[in-house]
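Good morning, and thank you for coming. I would like to take you through one protein chain, moving from a single residue to the overall picture. Please look at the display as I speak.

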Amino acid sequence: MQFDTTILEFDKVKVLIKNKAETVLGKALVQEMTPSNNRLQIKLKLNETAHALRILMHYKTPPFGGIRDLSETLKKAQIYSVLRANEFLDIIGLIDATGNNVRFYKQVKELEINETYLDEYFNQLEAVPSLKKSIQMVITEDGYVSDSASNDLRRIRNQINIKQNRVKEKLNQIVQRESSSLVDTIVTFRNNRFVVPVKLSEKNNFKGTIIDYSSSGETVFMEPLVINEINNEISALLIEEEREVERILRELTILVANHYYPLSNNLKLLCQIDAIFAKAKFALDFECTMPEITENEVDLIKARHPLIPQEAVVANTIRFNEGERLIIVTGPNTGGKTVALKTMGLLSIMVQSGMLIPVKDESKTIIFENIFADIGDEQSIEQSLSTFSSHMTRIIHIIDHMSHGSLVLLDELGSGTDPKEGASLAISILEYLRVRGIYVIATTHYPELKAYAYNKEEIVNASVEFNVETLSPTYRLMLGTPGKSNALLISERLGLNESIIRYAKDVVLTSQSEVTDLINKLEKQGNTLDQKIQEYEALIHDGNRVVNDNEKLRKELIQQKADLNRKISIEQSQVIKETKDSALNLIKQLEELLSKNDLKEHEIAEMKFKVKNFNFDVEKTSSTTSHVYQVGDRVNILKFNRIGDLVKKQKNNQWMVKMGSMNSQFSEDEFDFVEEKQLEEKSKSRIKSKVVKRTSGELDLRGMRYEEARIALDKYIDDCLVSNMPFATIIHGFGTLTLRKLVKTYLDSNKAIARHRDGEGNEGGNGVTIVYFK
């Protein structure tokens with residue numbers, strides 16, 4: 001198994017993907033990625049990346065914050081080498097990241113993303129909250145061993161504080177009394193002992209012990225004799241403190257060692273997940289898709305080279321139909337032949353490394369046993385090799401190591417020598433590769449290879465297009481159309497003498513063979529067919545755009561209708577409420593009159609009953625009466641203003657309607673018709689490259705005024721319901737709690753809300769509210 005990754009610049013692609021990874025070990029895993037020819041392994045890795053891409057498209061990236069490279073730290077703990085305090089904080093970061101990712105994947109499952117390829121990673125994550133609690137009881141957030149870590153440590157530190165305060169008091173007295181002998185009236189700390197800065201000239205007159213000198217030598221840091229004994233006691237306590245801290249950290253290290261396997265496994269899994277999502281982020285940025293893996297068909301539709309700027313790259317279709325093995329590409333220099341070669345080779349290596357590739361949907365490819373490339377001038381002055389010799393040395397290596405099902409890419413085959421001998425040698429090499437079942441793409445300038453290609457069913461002629469009007473290449477690969485020389489036309493347009501051009505044309509015509517005439521005829525037919533195909537693709541594109549515009553307009557009209565119905569309902573409810581209030585007020589007045597006059601009490605009761613039992617709910621009725629409903633029709637539920645699908649017809653014009661993951665029963669006058677049943681498309685395993693625009697999973701109200709926030713909240717909840725979102729996050733912050741009260745009150749009064757709760761610690765705490773929809 002051999003893959004020419006260096007020649008095809010696979011390492012540069014890995015750098016782009018590595019930059020998407022968020023952890024050190026995740027970046028290392030990306031760097032270690034290599035292609036394989038194991039079909040099952042390749043399919044699994046492709047599906048994992050496609051699953052991650054789907055999560056990115058419909059939700060967000062997993063939380064990788066706090067994950068450091070703890071490989072050495074965990075190894076130290078495993079052999080009971082005492083960890084430092086800050087290393088325990090890194091372990092807490094790993095524990096938190098594990099819990100965050102477990103919760104993240106649980107939320108992904110609630111979004112009804114049905115793929116299971118990443119279950120193996122997320123479901124193996126093992127939370128160890130007890131270890132985190134034990135560490136937090138000992139280590140503070142700033143990486144300091146807490147006084148409460150043990151009773152002995154608290155006692156020792158209390159004694160140290162008491163004695164240090166006594167020393168400071170005595171030193172302050174000395175500083176005041178001996179100020180003339182001091183450089184400055186301060187107390188400092190040198191070599192774990194309290195000292196004062198004494199002038200060099202006064203060191204013999206000052207009663208104390210020399211502890212240190214300043215860098216200039218003019219200041220002597222001395223410990224006064226009166227505090228010597230106390231400083232000795234402090235030094236002894238500091239040693240005792242150090243021993244106690246060491247004992248505490250050793251016990252905590254043993255506790256970490258007992259959790260070595262879940263911690264190391266979590267670290268490994270999280271970094272593998274990071275590497276998978278790095279590939280998915282690359283795929284999202286470059287609009288990549290997963291090609292179908294076939295046995296003998298390659299069809300890379302609109303393939304783009306990922307290392308060429310996306311706004312400049314020209315997409316080309318590269319295709320081996322069943323039974324085809326060789327593509328011979330001819331055309332001018334700098335026309336894009338080499339780029340086409342590299343695109344085929346690099347995208348094949350990417351697929352076989354488990355990466356999605358920048359091609360259109362419905363693309364297909366195969367798993368190559370080996371991928372060889374002879375591209376560019378690799379002559380070596382030190383080895384005294386010419387261009388031709390360098391190419392031949394490389395081709396000999398390829399022939400010696402290739403096997404059935406390999407891909408071989410040959411640039412300028414047979415160049416660097418006599419044209420006739422070079423063409424003969426090139427044909428011989430291609431024939432040798434053809435009969436051995438090798439897939440080959442070769443570029444050449446030799447016209448003899450065009451005729452050779454027409455004689456073999458397994459070989460396809462191709463060329464790179466040249467615009468004769470602008471005298472520049474278009475970089476488009478044209479399969480089935482061999483290239484031709486444009487030297488005479490270019491020379492004529494550049495102004496070469498007409499007589500020279502005419503003579504050259506006569507020479508060319510007299511030297512042309514019948515095969516050349518046939519090739520020219522086929523070239524002309526191929527160009528005409530290619531132009532028709534381009535026109536057809538343009539018509540399809542325009543038609544799809546019109547369909548998309550109409551669908552967008554239809555959905556906007558449905559939304560406007562739903563908004564109008566809701567607005568009318570609110571206005572009607574307000575009118576009825578005001579009427580009810582007026583009626584109740586009238587009853588109150590009548591009751592007051594009753595106590596003074598001879599009004600009949602049963603008449604008052606009758607009026608009160610009528611008012612209180614007034615039907616204040618305005619029933620919404622369907623505006624669609626003529627449509628005959630069928631299973632699968634899409635409808636708008638008037639009561640909830642939500643879109644659903646008809647599942648099953650019940651008795652008395654009742655229907656079972658599916659809204660998201662919920663099934664409910666409604667009568668036909670409780671919903672509006674939206675669209676007819678659509679034929680189900682054949683399910684596809686490939687992930688679409690375009691991101692469908694969805695309602696965001698969170699709403700940030702911070703900084704808004706009360707009324708502005710109320711309007712934004714109302715619209716956002718409507719959008720969530722239309723999008724059938726199962727839950728959402730509303731950020732209101734802490735502040736004066738006004739926005740929080742607004743959110744809670746609104747959610748409590750909305751019948752479409754199943755429940756809501758405050759965020760957890762890692763979600764934003766009381767500064768956010770998580771809302772779940774019915």
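Is lysine 14 buried or exposed? Its relative accessibility is 5%, and the limit for buried is under 20%, so lysine 14 counts as buried. Please keep in mind that this is a predicted model. Lysine 14 belongs to helix α1, which covers residues 10-18. Which residues does lysine 14 touch, if we set aside its neighbours within four places in sequence? They are Val30, Gln31, Met33 and Met355.

Let us turn to helix α11, residues 337-351. This helix has 15 residues, and from its first C-alpha to its last it reaches 22 Å, close to the 21 Å expected at 1.5 Å a residue. Of those 15 residues, 12 are buried, so α11 is largely enclosed by the rest of the structure. Among the buried ones are Lys337, Thr343 and Ser348, together with Leu341, Met344 and Ile349.

Met344 leads us to the largest nonpolar core, which has 102 residues. Which members of this core touch the most others? They are Ile91 and Met344. Helix α10, residues 260-285, supplies the largest share of the core, with 14 residues. As for isoleucine 91, its contacts beyond four places in sequence are Leu70, Thr73, Leu83, Leu131, Ile135, Val256 and Leu263. There is also a second, separate core of 23 residues, which includes Phe372, Met402, Ala423 and Leu449.

Helix α4 spans residues 71-78 and helix α9 spans residues 228-258; their axes come within 8 Å and cross at roughly 105°. Angles of 65 to 115 degrees count as roughly perpendicular, and α4 and α9 are therefore roughly perpendicular to each other.

Finally, the chain as a whole. How many helices and strands does the protein chain have? There are 20 helices and 23 strands. Of its 774 residues, 41% count as buried. Among contacts with a separation of 6 or more, 68% join residues 24 or more positions apart.

Notes: Residues are numbered from 1 along each chain as its sequence is written. This is a predicted model: local features need pLDDT of at least 70, side-chain atom pairs count only at pLDDT 80 or more; totals for chains, interfaces and linings use all residues. Side-chain values use heavy atoms; hydrogens and water are left out. Axes are lines fitted to C-alpha atoms, for helices over the stretch in contact, and angles run from 0 to 180 degrees between N-to-C directions. Helices (H or I, at least four residues) and strands (E, at least two) are DSSP runs, numbered from the N terminus. Angles under 35 degrees count as roughly parallel, over 145 as roughly antiparallel, 65 to 115 as roughly perpendicular and the rest as oblique. The expected span of a helix is 1.5 Å times one less than its number of residues. Buried means under 20% relative accessible area, exposed over 50%, partly exposed in between (1.4 Å probe, protein chains only). A nonpolar core is a set of buried Ala, Val, Leu, Ile, Met, Phe, Trp, Tyr and Cys residues joined through side-chain atoms within 4.5 Å. Contact means heavy atoms within 4.5 Å.
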